[in-house]
Amino acid sequence: MKVCIVSLNIAAYYDPSPRARYGGAEVQAAFLCRALSLAGMNVSLVVADCPPGVDMPYETFNAYDTSAGLPGLRFFHPRMSGILDALEQADADIYYQRNAGMITGLAAWFCKRHRRCFVYGAGSDTDLALGSARVDGPRDRLLFYYGLKRAHGVVVQNDVQRERCEGTIQVPVQIIANGVLPAQRNEAARGREIFWAGGLRKIKRPDLFLELARRLPDQQFVMVGGATGTEPEYAAGIEASARDIGNLTMTGWKPHSEVLALLKNASLLVNTSTVEGFPNSYLEAWNHGVPVVSFNDVDGMIANEQLGVIARDIDEMETQLRSLLQDGARLDAMRARVRAIVTERFSPEVLGPKYVAFFERVLEHTRPR
């Protein structure tokens, strides 16, 4: 089976330079490439802005460079034309694309025209409807919705997303959790810092992490990430506020390897987002023995299996942090559980065959060729 992963920004994941900017979708695309390769699949990538000299570990087709083209026309050429050409060059049986965006529609249209299978993957819980999808502009929103409605199969991360598909998605839907490459045992974290990672956007509520740092002045806080390009003024305000907090370090964006190195100095990961799917940060933290303190659970896993704690508001989160940091035995027990669960449920060896089985089911269901 030939599988093409359509991930326009994934080249940044493989770029070791400080210029690299990527998010959770790219981390999971890279994981999926590895998992499918281990499962025996022929994997290729469709990307954009692939820098010269970056070692891409899979056959890669660069659709376009963002700087090319004329304003007002560049969407059609070289972007749309380049994407369609790259998809054709990949010549895959299955095309997989994750997260709401205009690329969802273009990939679906290509597959419909060329009688190939298109599988869409939901990232956030908002990625399954026109009204909730975080996509800018009416053109891109309509393209996303077109693609969602014409997918041959949909991969979701949790029960909430599966329930949102009921009655609206008429094709096979499969829950497959996010994954992570298990860390070596000697890479487990044993630090004392309280860690936060992500883009400085309102939906992530980084201001609450700053507030926690103010409330716990005896603890060291580390915030990894920066502006995403969509909310620069908001990000600048967060960065300005952080300068006055002596026990908080802001690192800005870092390559993936450096983020993991910083994570090893953490005792706890804090997540302050209003909504999530299955955050990569949870998996990376658990992978290194770091429990999670969050407002968002994933199908009850954190609370039920004691992989961290769930708080209802900022006051409760402060209380939970204080309690965990003062109870070394409880924290060590959580560290052992979170590392074990990564190997048991979220490794490429476990999740790769699930994707292969679902892709085979979709091919059998649609028989597009």
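Two aromatic rings of Phe, Tyr or Trp pair if their centres lie within 6.5 Å. Keep that cut-off in mind for the first stop.

**Stop 1: an aromatic cluster.** This is a predicted model. Select Tyr96, Tyr355 and Phe359. These three residues form one aromatic cluster. Show their side chains and look at how the rings sit around one another.

**Stop 2: the whole chain.** Zoom out and colour by secondary structure. The protein chain has 13 helices and 13 strands. Its radius of gyration is 21 Å, close to the 21 Å from the globule rule for 369 residues, so the chain is as compact as a globular protein of that length. Along the principal axes, the C-alpha atoms fill a box of roughly 60 × 45 × 40 Å.

**Stop 3: the surface.** Show the accessible surface. The protein chain exposes about 15900 Å², and carbon and sulfur atoms supply 49% of that area. Of the 369 residues, 54% count as buried.

Next, colour the charged side chains. There are 41 positive and 42 negative ones in the protein chain. The centres of the two sets lie 3 Å apart.

**Stop 4: aromatic pairs.** Return to the rings. The structure holds eleven aromatic pairs. One of them joins Tyr13 and Tyr14: the ring centres are 5.1 Å apart and the planes stand at 90°, so this pair is edge-to-face. Stay on Tyr14. With a relative accessibility of 18%, Tyr14 counts as buried, because the cut-off for buried is under 20%.

Move on to Phe75 and Phe76. Their ring centres lie 5.2 Å apart with the planes at 80°, so this pair too is edge-to-face. Phe76 is partly exposed, at 47%.

**Stop 5: a loop proline.** Select Pro217. Pro217 lies in the loop between α6 (206-215) and β9 (221-224). Pro217 is exposed, with a relative accessible area of 54%; the cut-off for exposed is over 50%.

Note on methods:
Residues numbered from 1 in each chain as written. Predicted model: local features only at pLDDT ≥ 70, side-chain atom pairs only at ≥ 80, totals over all residues. Heavy atoms only, no water. Helix = DSSP H or I, 4+ residues; strand = E, 2+ residues; numbered from the N terminus. Rg over C-alpha atoms; globule rule 2.2 N^0.38 Å. Buried < 20%, exposed > 50% of the residue type's maximum accessible area, 1.4 Å probe, protein only. Areas by Shrake-Rupley, 256 points an atom, 1.4 Å probe, with all protein chains shown as cover. Lys, Arg positive; Asp, Glu negative; His and termini not counted. Charge placed at Lys NZ, Arg CZ, Asp CG, Glu CD. Phe/Tyr/Trp six-rings, centres within 6.5 Å; stacked < 30°, edge-to-face > 60°.
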